[in-house]
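Please brief me on this structure.

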Amino acid sequence: LGATPWAAAAAEQEKDKEASATEGVHTGFVPAFRAGSNRFDRVDATGKSTSFSGLFVAFDMTYHWILPGDRFAFGACGGLFFANGKDEARAPGHYYGLNLGPVVEVGIIPRLYLHARFERIMAEDLDELAVAGWRYGGGATAVAWRTEGADAALQLDVLKTSA
């Protein structure tokens with residue numbers, strides 16, 4: 001019987017901590033490093049299509065606004081990327097550029113969000129041949145640890161780039 005009031009007080013304190021963590025708007029930056037293979041068909045001025053394939057490396061930053069109640073979040077993403085490889089008709093090529101776009105998230109259970117992102121890709125190669133396209137996809141974000149000053153989260157994305 002002596003342990004019951006202590007357990008109830010501890011449970012009440014945990015409930016107060018959890019309630020204060022979900023009040024107000026949470027904001028923050030989520031850095032991301034992405035690497036993978038890329039492949040796309042490039043059409044030149046004469047209409048001839050050539051296949052380009054190589055390695056894709058990107059660093060971007062997403063700024064999140066998590067609304068009160070931790071149910072919905074919005075964000076903006078921007079970053080830099082580098083793609084290298086070679087095509088059938090030319091020497092090895094190197095593309096560099098940037099990506100910008102919005103992110104929308106929905107909390108399905110506390111601290112677990114599903115998100116969708118849609119980004120504009122703008123790049124050029126060292127010969128100043130421009131490439132433009134879109135990157136889109138989605139994923140999940142799991143907030144493993146939350147304090148008043150910072151969150152620690154793990155994010156998994158599946159993205160497709162159409163250039």
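F81 touches F56, V57, A58, Y95, Y96, G97, L98, N99, I121, M122 and A123, leaving aside residues up to four places away in sequence. Contact here means heavy atoms within 4.5 Å. This is a predicted model: local features need pLDDT of at least 70, side-chain atom pairs count only at pLDDT 80 or more, and totals for chains, interfaces and linings use all residues. Residues are numbered from 1 along each chain as its sequence is written, and side-chain values use heavy atoms, with hydrogens and water left out.

**The nonpolar core**

- F81 belongs to the largest nonpolar core, which has 10 residues.
- A nonpolar core is a set of buried Ala, Val, Leu, Ile, Met, Phe, Trp, Tyr and Cys residues joined through side-chain atoms within 4.5 Å.
- Buried means under 20% relative accessible area, exposed means over 50%, and partly exposed lies in between (1.4 Å probe, protein chains only).
- Strand 2 (49-66), strand 3 (72-87) and strand 5 each supply at least two residues of this core.
- Strand 2 gives the most, with three residues.
- Strands (E, at least two residues) and helices (H or I, at least four) are DSSP runs, numbered from the N terminus.

**L55 in strand 2**

- L55 is also found in strand 2.
- L55 is partly exposed, at 42% relative accessible area.
- L55 touches G36, N38, F82, A83 and N84, again not counting residues up to four places away in sequence.
- The C-alpha atoms of L55 and G36 are separated by 5.9 Å, although these residues are 19 apart along the chain.

**Strand pairing**

- Two strands pair if DSSP finds at least two bridges between them.
- Strand 4 (residues 93-109) and strand 5 pair in the antiparallel sense over 12 bridges.
- In this pairing, L98 stands opposite M122 in strand 5.
- Strands 4 and 5 form a hairpin with two residues between them, and R111 in the turn has a positive phi of about 70°.
- Strand 6 (residues 130-146) and strand 7 (residues 151-162) are also antiparallel, over 12 bridges.
- G137 stands opposite L159 in strand 7.
- A hairpin of four residues joins strand 6 to strand 7.

**Aromatic rings**

- The structure holds four aromatic pairs.
- Rings of Phe, Tyr and Trp (its six-membered ring) pair if their centres lie within 6.5 Å; planes under 30 degrees apart count as stacked, over 60 as edge-to-face and the rest as tilted.
- F118 and W134 form a stacked pair, 4.9 Å centre to centre with 15° between the planes.
- F118 lies in strand 5 and W134 in strand 6, so the pair ties together parts 16 residues apart in sequence.
- F118 is partly exposed at 41% relative accessible area, and W134 is partly exposed at 37%.
- The charged end of R120 sits over the ring of W134, 4.6 Å from its centre.
- A charge sits over a ring if NZ of Lys or CZ of Arg is within 6 Å of the ring centre and within 35 degrees of the ring normal.
- Ring pairs also link F29, Y63 and W65 into a cluster.

**Confidence**

- pLDDT is the predictor's confidence in each residue, from 0 to 100.
- The protein chain has a mean pLDDT of 78, and 81% of its residues reach 70 or more.
- Confidence is highest in strand 5 (residues 112-125), at a mean of 90, and lowest in helix 1 (residues 3-21), at 46.
- Over residues 1-12 the pLDDT is below 50, and this stretch has zero contacts in the model beyond near neighbours in sequence.
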